[in-house]
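Please look over the model below before reading on. The note is written for someone who has not seen it before.

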Amino acid sequence: MSKPSWRRGARIVALLGGALALTILTQVGGVALLLTAWLTRLRRWPAWLSVLGFVAVYGVVSFVVVPPLAEIGGRVRLSCVAGPGRPYAAVNPGLCVLNRNYATPETDALVAALATHVADRYPGTITRFLDAGFPFFDGFPLMPHLSHRDGRKVDLAYYYREADGRRVLDGAASPIGYWAYEAPGADEARPCAHAKQPNLRWDFAALQSRVTRRADPERMSAALAWLTTEGRAHGLRKVLIEPHLKQRWAPGVDMVRFQGCRAARHDDHLHLELSK
C-alpha cells in the first residue's frame with residue numbers, strides 16, 4: 001500500500017472509530033461527525049475550522065433537529081434549566097449536551113409533579129434529575145446503565161443538607177449527582193457485602209472523603225411518600241434504592257425495591273421506572 005493510501009485508510013478508520021464512540025456516548029454524535037467530515041471534504045477546511053464545524057453541526061443536530069424528531073417517536077427533552085413554575089432540571093448541563101435527558105411525556109410529567117409537590121412543601125427546593133434516556137430507539141443502551149433503554153426510566157438526585165444541617169435547596173453532593181454514597185451504618189443491612197459475582201457496584205472510596213453533604217431524610221421521606229402514592233397515578237411502577245435507605249425513608253413499601261447486587265449502587269440516587 002502506498003504511503004498516501006495508508007494515510008487515507010488510517011484517517012477512515014479513525015473517523016469511523018470516532019463516529020462509533022460518539023454514537024455510544026450521545027447517540028447522534030456519530031452522525032454529526034460524519035456530516036462534518038463530508039463538509040470538510042467538500043470545502044477542504046483547516047483542522048481548527050473542522051473542530052469548530054463539528055461543534056456547530058453537533059449543536060444544530062442535538063438542539064434543533066433532534067427534539068422535534070424525538071417527539072414524533074414519543075420522547076421529549078426533560079428540562080435542562082429550572083424556571084418559574086418548573087422547579088426541576090438536569091443536575092449538570094453536560095447531560096443535555098450528551099442527549100441523556102430524553103424520556104416519555106409520562107416520565108416528564110411524573111418528575112414535574114414530584115418537583116412541584118416538594119417545592120410546595122419545602123419552598124425553594126429544586127429537584128435535579130440525572131440520566132434519563134437517549135432520544136431514539138427502544139433498546140439502545142445508555143451506558144453504563146443496564147436499563148434506561150425505553151424512555152421510562154429516570155434517575156433523580158437526592159435532596160441534601162450541608163454539614164451544619166442547612167437544607168441545600170438546589171444542588172447535589174457531586175457535580176454529576178452520582179458516586180456520593182449514603183453508606184449503611186454498622187447495624188444496617190449490607191446485602192452485597194460478600195458478593196463474589198462480577199457487578200457494577202463501584203465504591204469510589206477515594207471520593208467519599210470529599211463529600212460534605214448528606215441526604216436530607218425529611219425531604220427524601222416526603223418524596224418517597226408522594227411517589228409511592230400519588231406517583232402511581234402517573235404510571236410509576238417501582239423505585240430502586242438500597243435496603244438500608246428504604247428502611248430509613250420508606251419502610252414496608254413494596255414499590256420501593258432493592259436493585260440487586262449485580263447492578264450499580266443506588267445509595268446515591270433514586271431510580272424511577274414507569275409501566276409500559
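The points below take up the pockets and then the disulfides.

1. This is a predicted model, in which local features need pLDDT of at least 70 and side-chain atom pairs count only at pLDDT 80 or more, while totals for chains, interfaces and linings use all residues. Residues are numbered from 1 along each chain as its sequence is written, and side-chain values use heavy atoms, with hydrogens and water left out.

2. The largest pocket has a volume of about 610 Å³. Of its 20 lining residues, R11, L15, A37, T40 and R41 are the closest to the centre. (A pocket is an open set of points on a 1 Å grid where a 1.4 Å probe fits, with protein on both sides within 12 Å along at least five of seven lines; lining residues have an atom within 4 Å of a point.)

3. Two or more residues of this lining come from each of α1 (3–26), α2 (29–43) and α3 (47–72). In the largest pocket, α2 gives the most, with 7 residues. (Helices, of at least four residues in H or I, and strands, of at least two in E, are DSSP runs numbered from the N terminus.) By class, the lining of the largest pocket has 13 nonpolar, 3 polar and 4 charged residues.

4. The second largest pocket has a volume of about 530 Å³. It is lined by 30 residues, with D131, P144, H145, D155 and Y178 nearest its centre. The elements giving two or more residues to this lining are α4 (93–97) and β11 (269–274); β11 gives the most, with 3 residues. The lining of the second largest pocket divides into 15 nonpolar, 9 polar and 6 charged residues.

5. The count of disulfides (pairs of cysteine sulfur atoms within 2.5 Å) comes to 2. In one of them, the sulfur atoms of C80 and C96 are 2.2 Å apart, and the link is left-handed, with -125° about the S-S bond. C80 lies in the loop between β1 (76–77) and β2 (88–90) and C96 in helix α4, so the pair ties together parts 16 residues apart in sequence. C80 is partly exposed at 24% relative accessible area, whereas C96 is buried at 4%. (Buried means under 20%, exposed over 50% and partly exposed in between, with a 1.4 Å probe and protein chains only.)

6. C192 and C261 also form a disulfide, with sulfur atoms 2.0 Å apart. This pair links distant parts of the chain, 69 residues apart: C192 is in the loop between β7 (167–168) and α6 (205–208), and C261 in the loop between β10 (256–257) and β11. C192 counts as buried, at 13% relative accessibility.

Technical notes. Grid points are joined across faces, edges and corners, and a volume is the space filled by probe spheres set on the points. Ala, Val, Leu, Ile, Met, Phe, Trp, Tyr, Cys and Pro count as nonpolar, Asp, Glu, Lys and Arg as charged, and the others, Gly among them, as polar.
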